[in-house]
Amino acid sequence: TEETPLKSLRSVQGSYYQWEQIPLAASFTLSLDGINLFADAPQRRLLLGATTVKDCQHFLPDQQALSRLVQQLSEKIDFPLPPLERAEVKTGIRSVLKGRAPWSGQLADGLFSTAGLYKNGWVSAFFEAKKLAELIHRA
């Protein structure tokens, strides 16, 4: 097996807003200056985030950082975001690798992994799953 970048793996806490039952004409992903807006039209779901709190292992969201994200994004887009009162705040612990790039590979004979999806898990998970499936198929 190849050398993995997993030695640099660390956990960071992050939060994002999630709106449900939002009528969307199309699905899209928008990333501006570290702010991600993910629209899933079939699920009628909109996600906006995400914050990062280093060296933190709790699930309390940084409300001030979330509010700043909304303000910063609102200044750069020409469409309104849904009311924050309708959003649910989601908080979790995410894995990040050095360079913030996701990784998929073989750890040992018959053992495969994907790691480091960080803030882009919603976007890059499908690509990494395809990559992982190809690795498993070739093994």
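A residue is called buried here when its relative accessible area is under 20%. By that cut-off, buried residues make up 35% of the 139 residues in the chain. The model is a predicted one.

The chain has 2 helices and 7 strands, and their order along the sequence is β-β-β-β-α-β-β-β-α. Its C-alpha atoms fill a box of roughly 50 × 35 × 25 Å along the principal axes.

The surface comes next. The chain exposes about 8,600 Å², and carbon and sulfur atoms supply 54% of that area. There are 16 positive and 14 negative side chains, and the centres of the two sets lie 2 Å apart.

Turning to the interior, nonpolar side chains in soluble globular proteins tend to be buried together. The largest nonpolar core of this chain holds 15 residues, and Tyr17, Trp19, Leu37, Leu48, Leu73 and Leu81 have the most contacts inside it. Strands β1, β3 (35-40) and β4 (45-49) and helix α1 (63-74) each supply at least two of the core residues. The largest share, 4 residues, comes from α1. Leu48 gives a view of the surroundings: beyond four places in sequence, leucine 48 touches Tyr16, Tyr17, Trp19, Ile35, Asn36, Leu37, Val70, Leu73 and Leu81.

Serine 15 lies in strand β1, which spans residues 10-19. Serine 15 counts as buried because its relative accessible area is 0%, and the cut-off is under 20%. Its side chain makes a polar contact of 2.7 Å with the side chain of threonine 91. Leaving out residues up to four places away in sequence, serine 15 touches Thr91 together with Gly49, Ala50, Thr51, Pro61, Asp62, Leu66, Val89, Lys90 and Arg94.

Serine 104 lies in strand β6, residues 103-108. With a relative accessible area of 4%, serine 104 is therefore buried as well. The side chain of serine 104 makes a polar contact with the side chain of threonine 114 at 2.8 Å, and another with the side chain of glutamate 128 at 2.5 Å.

Notes: Residues numbered from 1 in each chain as written. Predicted model: local features only at pLDDT ≥ 70, side-chain atom pairs only at ≥ 80, totals over all residues. Heavy atoms only, no water. Buried < 20%, exposed > 50% of the residue type's maximum accessible area, 1.4 Å probe, protein only. Polar contact = N/O pair within 3.5 Å; in protein donor to acceptor, adjacent residues only side chain to side chain. Contact = heavy atoms within 4.5 Å. Core = buried A, V, L, I, M, F, W, Y, C linked by side-chain atoms within 4.5 Å. Areas by Shrake-Rupley, 256 points an atom, 1.4 Å probe, with all protein chains shown as cover. Lys, Arg positive; Asp, Glu negative; His and termini not counted. Charge placed at Lys NZ, Arg CZ, Asp CG, Glu CD.
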